[in-house]
Structures are given as structure tokens and as C-alpha cells.
Amino acid sequence: MNYTAGRSSRIPVDELTLAVARIRGMLLTQEKAGHAVHLLARGIKDSTPGAGGSGVSLIGRGGAGTSSGFTDALVEQADALQYELREGPCFTAWATERVVIVDDVNTDSRWPAWQSAVAALPVRSVVSAPLVFGQEGIGTLKIYASLPGQFDEDSGRILSLFAGTAATLLAHIQGADTPLRINGNLKAALASRDTINRACGALMEREGLSQDDALKQLVRKARKSGLPLIEVSEKLLTKAPPEAR
């Protein structure tokens, strides 16, 4: 590995490379992809001081999410609230294909509904990196911590390296033991991600919005209408000028 983390990084690179090495050994024996992803998530949690849990989110059609390989019930609960509300750091990391860092959930106002929903959970800081296979985002890899200020930009860059490993596992392992739902979720994620991206582009062109603001507007429309995000995006595209589609 060529990347060297700064002193402020909270995720030890050397320890995580051991987790990847173990995963490579598993691939030689054609172990389940889901189990391999869980091993990566466990390795990330165990090597990150203060981590309350780690895991993978596959984001499917309409922005529907599935948690895969999560290490703790906390991860499943915090993720489920993001899937239900269609907002949160993991959802944004997937939609924008950028690392999202939350220094303190209690003071970060980017996702007010999710912020309120997780108030009772031991979640104070988060780092989430997009899972990108080829040119498409298919989900996220994330770490939750019970204390604020646990992650920085170095943490995000390192997590991104291991998100690439997780994306490759999920996209390529198609042995007999691999759950069929993973392949279905990947295909749905690729289709919905492209549609939502084009809808954001149409809003950016039409209203002069940033990518983040365009996504927020789509999410607000979906929540207000009660429709899946993919349907809101498709409807917007049918009304957009041809050059914006």
C-alpha cells in the first residue's frame, strides 16, 4: 500500500492490511462474499479506537438500503433510520460519491430528521466512504463512534481504500454460496444511482443548485410526496428539457 496516513488518522493502516490479507485468503477458498465483507467490517472496527460499529450498506432501487456485514446492532439500527428517512451520512456518501465525516451528530444539522432519530443511540461521530465499482456508486462503508471528533480527512481517505476492496468483493464474488439478493441489489443500485444522478444534474442546470442542494431538494420532494426517491427522480426527468436528461 502506497498511502501513508498522517499522525491525526484514527484508522491504523497496517492493522487493516492484515484484514485484507485474510480476506484474500478466504477468496482463494471461495468463501461467501457476505462473510468476507463482515470480516472486513470487523477488522475495521477492531483496529479503530472508539469505534462502536462498522458495516456495509448496499443502496438499491429508489434509495432503499440493505445493511450487509455489520458488526453490531447499533450499525443496523442507525442504518435502518437512514433508509427509512432517506437521509443521513451514508445516504449522502452514496448519492454524492464522496466521503462524509460527521464530527458530532449532536451539532451537525445536515440531516435534521436522522439527527433527531438517532438521539437515543450511542452515535456521536461517523465516517462513511462510498462503495464504487467501475464508475458507479453501489453503497457505502461506514464506522460509527460513541464519542465526538473520532474521524478526520485522513480517516476518510483510508476508509476509501478499503471501501474499494468491499466493492470488488460484492461485485465479483458470484459463487454458489453468494446470496442472490446481493447481485439483485447491485443491479438495482446501479440503475437507480444513474437516474438519481441525472435528476440532480437536471436540477443543477435548471435552478443553479450545487449537487448537495439538488439531492436535498429531491429528498424533500420524496418525503413530501411519500414516493420512492427513484420515482421522484424519474418524474422530474420526464419534465426536464431533453438537454438536461
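Visitor: Does Cys-200 count as buried, partly exposed or exposed?
Guide: Cys-200 counts as buried because its relative accessibility is 4%. Buried stands for under 20% relative accessible area, exposed for over 50%, and partly exposed for what lies in between, with a 1.4 Å probe and protein chains only. The model is a predicted one, in which local features need pLDDT of at least 70 and side-chain atom pairs count only at pLDDT 80 or more, while totals for chains, interfaces and linings use all residues. Residues are numbered from 1 along each chain as its sequence is written, and side-chain values use heavy atoms, leaving out hydrogens and water.

Visitor: And Cys-90, buried or exposed?
Guide: With a relative accessibility of 2%, Cys-90 counts as buried.

Visitor: How many disulfides are found in the whole structure?
Guide: The search finds 0 disulfides, where a disulfide is a pair of cysteine sulfur atoms within 2.5 Å.

Visitor: Turning to charges, how many salt bridges are there?
Guide: The count comes to 8 salt bridges. The rule asks for a side-chain nitrogen of Lys or Arg within 4 Å of a carboxyl oxygen of Asp or Glu.

Visitor: Which residue does Lys-142 meet in a salt bridge?
Guide: Its partner is Asp-79, with an N to O distance of 2.6 Å. This pair links distant parts of the chain, as Lys-142 is in strand β5 (residues 136-145) and Asp-79 in helix α3, 63 residues apart. Helices (H or I, at least four residues) and strands (E, at least two) are DSSP runs, numbered from the N terminus.

Visitor: Is Lys-142 buried or exposed?
Guide: Lys-142 counts as buried because its relative accessibility is 0%. Asp-79, at 1% relative accessibility, counts as buried too.

Visitor: Which residue forms a salt bridge with Asp-108?
Guide: That is Arg-110, with the closest N and O atoms 2.7 Å apart. Asp-108 counts as buried at 13% relative accessibility, whereas Arg-110 counts as partly exposed at 35%.

Visitor: What about Arg-206: which side chain does it meet in a salt bridge?
Guide: Arg-206 meets Glu-207 at 3.6 Å, N to O. Arg-206 is partly exposed at 48% relative accessibility, and Glu-207 is partly exposed at 39%. Elsewhere, salt bridges that share partners join Glu-153, Asp-154 and Arg-157 into one network.

Visitor: Back to β5. Why is β5 described as largely enclosed by the rest of the structure?
Guide: Because 9 of the 10 residues of β5 are buried.

Visitor: In which sense do β1 and β5 pair?
Guide: Strand β1 (residues 51-59) pairs with β5 in the antiparallel sense, over 7 bridges. Two strands pair if DSSP finds at least two bridges between them. Strand β4 (residues 125-133) also runs antiparallel to β5, joined by 9 bridges.

Visitor: Which residue in β5 is the bridge partner of Ser-57?
Guide: Thr-140 is the partner of Ser-57, and Pro-130 also stands opposite Thr-140.

Visitor: What about the helices: which residues of α9 are buried?
Guide: In α9 (residues 229-239) the buried residues are Leu-229, Ile-230, Val-232, Ser-233, Leu-236 and Leu-237. Seen down the axis, they fall within an arc of 160°, so they line one face of the helix; the arc is that of the directions from the helix axis to the C-beta atoms. An α-helix has 3.6 residues a turn, so residues three or four places apart point the same way.

Visitor: Which exposed residues does the face of α9 turned away from its buried side carry?
Guide: That face carries Thr-238 and Lys-239.

Visitor: Where does Arg-86 lie?
Guide: Arg-86 lies in the loop between α3 (73-85) and α4 (89-96). Its phi is positive, about 60°, although Arg-86 is not a glycine. At 22% relative accessibility, Arg-86 is partly exposed.

Visitor: And where is Glu-97?
Guide: Glu-97 is in the loop between α4 and β3 (100-102), and phi of this non-glycine residue is also a positive value, near 55°. Glu-97 is partly exposed, at 29% relative accessibility.

Visitor: One last topic: how many aromatic pairs are there?
Guide: There are 2 aromatic pairs. The rings of Trp-111 and Trp-114 have centres 6.5 Å apart and planes at 90°, so this pair is edge-to-face. Rings of Phe, Tyr and Trp (its six-membered ring) pair if their centres lie within 6.5 Å; planes under 30 degrees apart count as stacked, over 60 as edge-to-face and the rest as tilted. Trp-111 is buried at 7% relative accessibility, and Trp-114 is buried at 1%.
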